[in-house]
Amino acid sequence: MKQEMVHHYTSINTLALILQNKKIRFNRLDRVDDVSEAQAYGKYDLSKYLFVSCWTDNLEENIPQWHMYTENMTGVRISLPRYFLVYKHLDIPKEAGITYTENIFSPISWTQIFADNYFIFPFFANKKMIERKVIYVDDIQGIYSNAVNIDVDLNGKAKMEFKGIGDLACHKHKSWAFQDEFRFVFFAVPSLKIPPGGFANGSFISSFSNHIIQCVNDHVAPPINYLDIDIGEALNKIQITLGPKCNQGHKVIVEALVKQYTTNGIVTDSVLTRSIRHPIRT
């Protein structure tokens, strides 16, 4: 059975950083190139808490994406297995105060889940919760306006409810349909320092929940613009397509990077090579 692949158009410089660091960058949704994505969330702007890595599952090369995401079509298209996130046994420190009876597997480490200044919600335990096939619509304005609801009772106690969190960040205006996008999504909020006893401390659970609600209510974003997620051995299965206007020098650089940082990486020419040029107007 042929393995499903996803593809990402980028520069040779970015390719070098991905290979060297063995990480994929997830950008905060309110900082991506489609400005309208941050206008889809109504009263509570969840785009500040969503981090996305954007790909396409369309095997056919896409000229608009070569233009938009590579310099003069001299970048690369990275292709990886669709399930490139590596799920490993999650080593939870005892001081976290979390009791569990079965092994927990995660694509990110505990120190990255609960960092000093942000916390990633563990929706990633279900792979289907972090991957999205983007749906293109006529109007994205306010499409997620009911995605979160915050109620405060007579005693001043707040309760927050998410609706369809696994469906967030999967709609874009139809003018972007040429991307045929497939993306991966994490949800992160500002964190609190874990006290002695960790989550076994009942008062901490309460204060942590209230803290998250307060952040969403007051539009307080995590103090980071991106997440760099380790993809490790998946890079050994990388397939790289050179941009249609890459020259021999570009090819030498890319082949050297693949040789140094992967064991089975493949470099191929674009099917559009020598078929695109600037128009001759004289």
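A cavity here is a set of points, on a 1 Å grid over the protein atoms alone, where a 1.4 Å probe fits but cannot get out, and its lining residues have an atom within 4 Å of a point. This is a predicted model, in which local features need pLDDT of at least 70, side-chain atom pairs count only at pLDDT 80 or more, and totals for chains, interfaces and linings use all residues. Residues are numbered from 1 along each chain as its sequence is written, and side-chain values use heavy atoms, with hydrogens and water left out.

**Cavities**
- Two cavities of 30 Å³ or more turn up, with volume taken as the space filled by probe spheres set on grid points joined across faces, edges and corners.
- The largest cavity holds about 80 Å³ of space, and Phe123, Met129, Val185, Phe186 and Phe187 are the closest to its centre among twelve lining residues.
- Its lining has ten nonpolar, one polar and one charged residues (nonpolar: Ala, Val, Leu, Ile, Met, Phe, Trp, Tyr, Cys and Pro; charged: Asp, Glu, Lys and Arg; polar: the others, Gly among them).
- The second largest cavity holds about 60 Å³, and its lining residues include Arg82, Phe84, Lys127, Glu131 and Phe184.

- Leu227 has contacts (heavy atoms within 4.5 Å) with Phe26, Tyr118 and Phe186, among others, not counting residues up to four places away in sequence.

Terms used:
1 Å grid on protein atoms, 1.4 Å probe; cavity = no way out; pocket = protein on both sides within 12 Å on 5 of 7 lines; lining within 4 Å.
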